[in-house]
Amino acid sequence: MQTIKRFLTENKKDIIFMTILLMIVGAVLFVVDLKGNVFGERTDWASQHAVIPEYFRQTFYNTGDLFPDYNLQLFGGANAFNFSYYGYLNPIILISYLLPKVAMQDYIIASMVVCIYLATVLFFIWIKRLCKEMNYDSQFSPYVATCMFMLSAPLFFHGHMQIMFVNYMPFLIMGFLAVDRFVKKGKTLYLGICVTLLFLVSYFFAISATVSIALYAIFRVVSLDSESRIESLDSKSRIMSVGRYAILFSLTVIAGIMTSLAVLLPSFVAIVNGRPGGAESFNATGNILLPAFDVSSVCYSPYGMGLSMIVVIAVIYMIADGNLGERIISASVLMLILMPVLKLVLNGFIYVRAKALVPFMPIALLIFVIFLSRKINARKICVSFAIAFFFVLSSLLTEKYIEFTIIAIVDLTIIGLFYLASALINYIKNRKPGIPDRKMTGSISIIISAVIFVVVFFESSFLTADKYADFYNENKNEMAEMAEQREERKNTELAEKGEDRKNTELAEKGEEEREEKIKEKIDLAKLTEKGEEKCEENEGEQAENRIGKNEVKNLYRSGDLSDVKYTLNQTHGKNFNTVSGYSSVVNKDYMTLCYEDLGLSNPTVNPISVVSTEDVMFNILMGVKYLYTDKNVAGYKKVTGYKKVAEDKNVTDFQIVENNDKDTGNDSYIEGNDIAENSSIAENSSIVDIKSDEENKNDSCGLICNDDVKGIGFADCNVMSYNEYRKLNAMNKEMTLLDSIILQDDDYIKIKEENSNSEKNTVREGWANRIDDSDYNGENYFEKIETVNIGTKVADGYFHVHTEDTPLKKEFEIPNCDKQNVYVVTCHIKEYTQKRATVKVNGIKNSLSGIENAFPNDNFDFKFVFSGTDDGRMTVEIPKECDFDLSALDIYMIKYEKIQEILSDRVYWNNSKFTNNNTISGEIDVDKKMAFTVTLPYDEGFRMYVDGEEQKVLKTDNGFMGCIIEEGHHNITLKYTVPYKKIGFILTLMGIVMLILLNLYYARCTKSNGKL
């Protein structure tokens, strides 16, 4: 008790200070809540950081696997390490696995608040302890620096936005404390663990963070105080001792990095294979090698250190007035600010951006603390001011971040006037010139930091509480469950119906042996409408259902059309597989297929995301059977080919709709009570009969289904070479992928030759010989029905659009509009402009990024696919602040029955399933030699087996995977192995052993010799 009392008495001032810091955190959260918001941002936070960790957590709950290899639920299927940036084995996220009842969104908010406060407290402990050890001012400067740390632009801003910009900060400060322990005692284990945690939490920023720790280690070793063990050594011995420190530090960091390689190595391979290049790259080599002062690197911007110009002055001053260690870190920070090439290196050679300098913010504040502790030389401070002014004025030449440059000039002017006024006051009082003491300088620095914080805080785009509720609507999970139950019920009904029919046929013919043989082969859950209805004669002896062709027990995908730009990474249940996704690492083949080949609508300004779409052709290709919709999506009830199967009319009351009479065209609905008897849907929902669409015009949301979607794997005897496929336009490519399977030219030629040499060619004429004409441009599936324009006509057939303050909206009549037709609108944007170019057609959005976007999306050709509308009109909208040239809008049409006709010859995979987080398998029956493809993005980590024999994995459709199968029944399995995953685990074990050995060895050395 006395010990606690003594601790409270001795640290009363610090406890009060940390309590005030906690109150600041609480005040920020209170203001956010008061404005009707949550501590999360509406774009990146909502669509990535709050949902991808939940995917990993649910995967663990469903499978017990902490190390999933393959992610089937996002991006059409991808290497799980494509998403490691967002929380794969992140120790902060792993804690949430112990809290299954806590929503991940709430956990992310709470964990980031804790990280911000914990990092601030650790920073205070570190900087105050350092000040005492290094004889700096410890009575005032640590408090100033800690306030500036908490109020820095990045901390709270990215605490609710791109959380990996700052979520590593506690471990970074722990790394500084570990360096202190390392320098004083030679202990390495703590340092190695901190490095490992940095790479597990945020491998992108871990590089800069590790360099920051290394800079601090150099400073500590070179600037040892008078009581150090090496101060009294001669020059040669001192160099040897410093060298031993350097070797020990390097080995410890290497061991720490090795310990994280179980995640880091597979992630690095995924980055190399999937990360697109940025707008700024080696094309600008001549510029990046020249020094250039970028105000945003150190001042004001949350995408840099986010401090004040007083820190820049301190850095310049300490280069002239510090000891060797102080000069080294000050010069290093200045070089990081001035040299674009260093930013390029720290950003992994992706782009030249200041965000990689965020981990150096504590080092910059350390320099500021040293500056405050010095007795300032008037001449040197004037020179520092002059150099800082020169840097700021030179930044005007770059014509980038002009607003930051103007703020920096104002900032410097305020500080300069403050210093000048203080000098005059001192001269009047003491009859000699002087400069402000540390308390006055520190006070003005805190005020400026507070102003920066307030400005950045109020410019933040917080997610409103209402939007938060919409994004994470639990009703979506219930609708996903309804889709699963609907599939199970249909499988059961079809199996029972099909089995009864088959038994009757077999009994009539008296073919008992045949009956037993078929029963062994048929799984009762593998029958569909087509399988039940379609029979064929076999030499007049028997009639059998074609059960292998179109069974419904298949893997299928779903989509969410509500706020597609923000919900693209959301999943609802373990079977909610989507084509959409947004990640910093992508599958290049899939992105090429989606955007370069098919020209899908892209409402984002980057090329690394895919959204759910109303494009029925793409959805059929990808096996998107169910779509969740809401009233905010234009024409959501009329997505051609889809019918409504469930509604959330009053948010809590669900209504189930089922159309069982597809062939007659009559709408017959299953009564709610019948559904309740055959499924568990009714347990938590109020199910009623739905009579017509007219009665439900005001429904808030619903689940729609397309039963023409049969699965994600299929076989076809129609094939086309990639050489011919690439000649088609985006519309005809999309339809061709429904009509044919595309093979790479070498595979196409080889198969063509094999087929021509075959003695028995059972396939229809044209197999592997479908395209021979070098001038072939493909069948034109679409009818052009109208051309319209919007804007003011300019040269070369383009029309100029300029919407400064008022958005533009026009309506056009669609000739002979029919709800059973699919319509495609195309137009072309002439070139990049300063801001994004955006066009909406019937609520479907396309955007071309601005010229300075970090990842330009090259989306010059806009394509919009939508269904016929009730009023027969098309609405074109262009938002405010657009200024670009676009071509006329061409409107095309295709009848949905044409799409159904094309699909009629396709043979689908059945009984397909995803197991063990890395295996996808299914069965198929074909009556002739065919090409088989599965609509999973092509990945060299896959191995394909047909009836247990490994096959060469062919790249099909320029983005999927497949093989050639012969006539008969086949079991097809794809197994995925994460490249370098096993090697990563081995290196991790080696790193752990290395850390332990290093700690034991050097602890023994320092114990026996008293030195390293």
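## Thr838 and its surroundings

In this predicted model, Thr838 touches Lys845, Asn846, Ser847, Glu877, Ile878, Pro879, Cys882 and Phe884, when residues up to four places away in sequence are left aside. Thr838 itself belongs to strand E22, which covers residues 837–841.

With a relative accessible area of 2%, Thr838 counts as buried, because that term applies to values under 20%. One of the residues it touches, Ser847, also takes part in a polar contact, in which the side chains of Thr838 and Ser847 come to 2.8 Å.

## Ser47 in helix H3

Ser47 lies in helix H3, formed by residues 44–49, and it is buried, with a relative accessible area of 0%. A polar atom of the Ser47 side chain lies 2.6 Å from the backbone oxygen of Thr43.

Leaving out residues up to four places away in sequence, Ser47 touches Lys565, Tyr566, Leu568, Asn569 and Tyr582.

## The two faces of helix H33

Helix H33 spans residues 896–903, and its buried residues are Tyr896, Ile899, Ile902 and Leu903. Viewed down the axis of H33, these buried residues fall within an arc of 115°, so they line one face of the helix. The face turned away from that buried side carries Glu897 and Glu901, which are exposed.

The buried residues of H33 pack against two helices, H28 (616–622) and H31 (730–739), and also against the strands E21 (821–828), E27 (889–895) and E28 (907–908).

Note on methods. Residues are numbered from 1 along each chain as its sequence is written. This is a predicted model: local features need pLDDT of at least 70, side-chain atom pairs count only at pLDDT 80 or more; totals for chains, interfaces and linings use all residues. Side-chain values use heavy atoms; hydrogens and water are left out. Helices (H or I, at least four residues) and strands (E, at least two) are DSSP runs, numbered from the N terminus. Buried means under 20% relative accessible area, exposed over 50%, partly exposed in between (1.4 Å probe, protein chains only). A polar contact is a pair of N or O atoms within 3.5 Å; within protein, one must be able to donate a hydrogen and the other to accept it, and residues adjacent in sequence count only if both atoms are side-chain atoms. Contact means heavy atoms within 4.5 Å. The arc is that of the directions from the helix axis to the C-beta atoms.
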